[in-house]
Each structure stands twice: as structure tokens, then as C-alpha cells.
Amino acid sequence: MYDNLIRASLNDYSVEHWTARAEDYSEFRRTDEYAYGTSVHDALAAHGIVGPSSRVLEVGSGPGTFVIPFAKRVAHMTAVEPAEGMIRVIQRDTAETAIANYDIISKIWQEVDTGSLRGSYDLVITSTVIWMFRDILQQIGRMEEIAGGYCCVVEGAGGSKGFEKNLWHSIMGETPYPAYAGYPIIYNILYQNGRIPQVRMIDARTVRSFDMLMNVYRIFYSLYTEVRPEVEEKIRSALQAESRSGLHERNYRAAVVWWDPKERREG
């Protein structure tokens, strides 16, 4: 899965890549007032997975997608995030919302000493990060090691992929579109390895400016090709064709998948 993702890329996803994306990610979470993270929290809270006394750790926190909405509703939030740009926007945005019940582990997840954190958290959660690991099951096991309660993976379950694929093929030709690990793949990995995953779907949307999306696609396509003027023009034309007053709205679905590491499926 990991190999399929990076096969077409000229460069790997580096910490510097995520620093370059920090303001973009922060913008589209702030513009909807962290509705996505709030919806994930509410789906878990409705089933007793997380509550006011919970301690939560997020693997790959980005700009605070879960940190900010969760910290408002739980006892403590820990963000595992190595990118300096992402850390800066977490610190800025939490300061603006007077959130202080959190800490940041500024390491990549693979370097975190899980032994020292064993059983420390009621919930360990990650979103659209797990596909970046070649050894997905091993990293799931590391999440389980520090979870005293539940683990959760939030993954895409459909949305506006038509635009993305059309733009990809206009730029990259017959090179296969880099598919990320959506929720069916994660669900099957968990189930086939004895876990008992539960799933709830949520609906979400993003609203981003034209200029911000231009920057997003420049950075994204620089991983796969040289972003020459003709590539920029293809991106610009595609965005202008779907623009509404300079803003771009995307609707999508996400799957909130959680499980109790202590429970195993028979057979």
C-alpha cells in the first residue's frame, strides 16, 4: 500500500512537506470552526469512547484538526507532530482559543517511546496518517500499546475524487492516481488481524480560497513532477472552472473506525 503510494513520486513525503502545508491545513480547519474534528469527537462520545475525563493522544496532529475541538471537551490532549510549521499553527491557534490542556511530542511517530507511555491514554487516534507507514499493522500495535482504552483511525470514505482524478490525468497522463488507504482497507486490516472494529460515518466539507488551493496543488504535484508553467496553467484552469466567487467548497464523507485493543475476534 505504502509502496503503491510513493511509486510515482519524485520525492517522499517529508517533515518539510508538512511544514509547507501548515497554513493551508490550518486555514481550511479554521474556516469551518473545526467542525470536522468536532464531528469525530461527537461520534465517539455518543458511544462512550471519549468523555470529559479522557486523556487523548493523536498521532500526526497536523494543524490541530483534533487537538483544538477535542481539548475543549476532554481532560488532556497530546499531539504527536514532528513538523515545525504544524507545531507553530497549533500553538498559535490554541492561544487564540485559550486552550492550555495539551502538550506536544515533537517527533515522528516511529520515534516515540511507546514503552514509557504504556496505558497512559483513554483514546489513541489518527486521521489520514496511517497510509504513510509501510508497516501499518506494526504502527497500529504501537497505538494499542499506549491505549488504556480505545484506538481510532479516521479515514476518507468518498467525496469529490472526480475533480482530483481528472486534474491528475491532465497533468500526469497515464501514471496511476496515487490512491490512499481509505476506510475499507483499514477496516479489513483490523478485522483480518483479529480486532473488532466499529464504524460510524460522518459528513464534512471544506472551503478554501483560490490562492491557497493553487499553493496546495503546486506543493502536491512537486512530489511527482516538475511544476512548469504549463502545469500551473492546468491547475489554474481547473480551479477557475469550479470556483464560486473565488472559493472552493468540497463535500466528503469520513469513517470513524474504533476498536478495543483488549478484545479479539474468535476464529
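Is Cys152 buried or exposed? Cys152 is buried, with a relative accessible area of 0%. The model is predicted. Its chain has 267 residues, and 49% of them count as buried.

**Overall build**
- The chain holds eleven helices and seven strands.
- Take the contacts between residues at least 6 apart in sequence: 80% of these join residues at least 24 apart.
- The accessible surface of the chain is about 12,300 Å². Carbon and sulfur atoms account for 48% of that surface.

**Nonpolar cores**
- In soluble globular proteins, nonpolar side chains tend to be buried together.
- The largest nonpolar core here has 29 residues. Val40, Leu44 and Ile125 have the most contacts inside this core.
- Helices H4 (35-45) and H5 (67-71) each give two or more residues to this core. So do strands S2 (76-80), S4 (121-127), S5 (147-159), S6 (198-209) and S7 (247-259).
- A second, separate core has 24 residues, including Val80, Met143, Ile146 and Leu190.

**Contacts of Leu44**
- Neighbours within four places in sequence are set aside here. Leu44 is then in contact with Ile49, Val50, Phe70, Leu123, Ile125, Cys152, Val256 and Trp258.

**Cysteines**
- A search of the whole structure finds zero disulfides.
- Cys151 is in no disulfide. The nearest cysteine sulfur, that of Cys152, is 8.8 Å away.
- The cut-off for a disulfide is 2.5 Å between sulfur atoms.
- Cys151 is buried, with a relative accessible area of 0%.

Notes. Residues are numbered from 1 along each chain as its sequence is written. This is a predicted model: local features need pLDDT of at least 70, side-chain atom pairs count only at pLDDT 80 or more; totals for chains, interfaces and linings use all residues. Side-chain values use heavy atoms; hydrogens and water are left out. Helices (H or I, at least four residues) and strands (E, at least two) are DSSP runs, numbered from the N terminus. Buried means under 20% relative accessible area, exposed over 50%, partly exposed in between (1.4 Å probe, protein chains only). Contact means heavy atoms within 4.5 Å. Accessible areas come from the Shrake-Rupley method with a 1.4 Å probe; for residues, only the protein chains shown count as cover. A nonpolar core is a set of buried Ala, Val, Leu, Ile, Met, Phe, Trp, Tyr and Cys residues joined through side-chain atoms within 4.5 Å.
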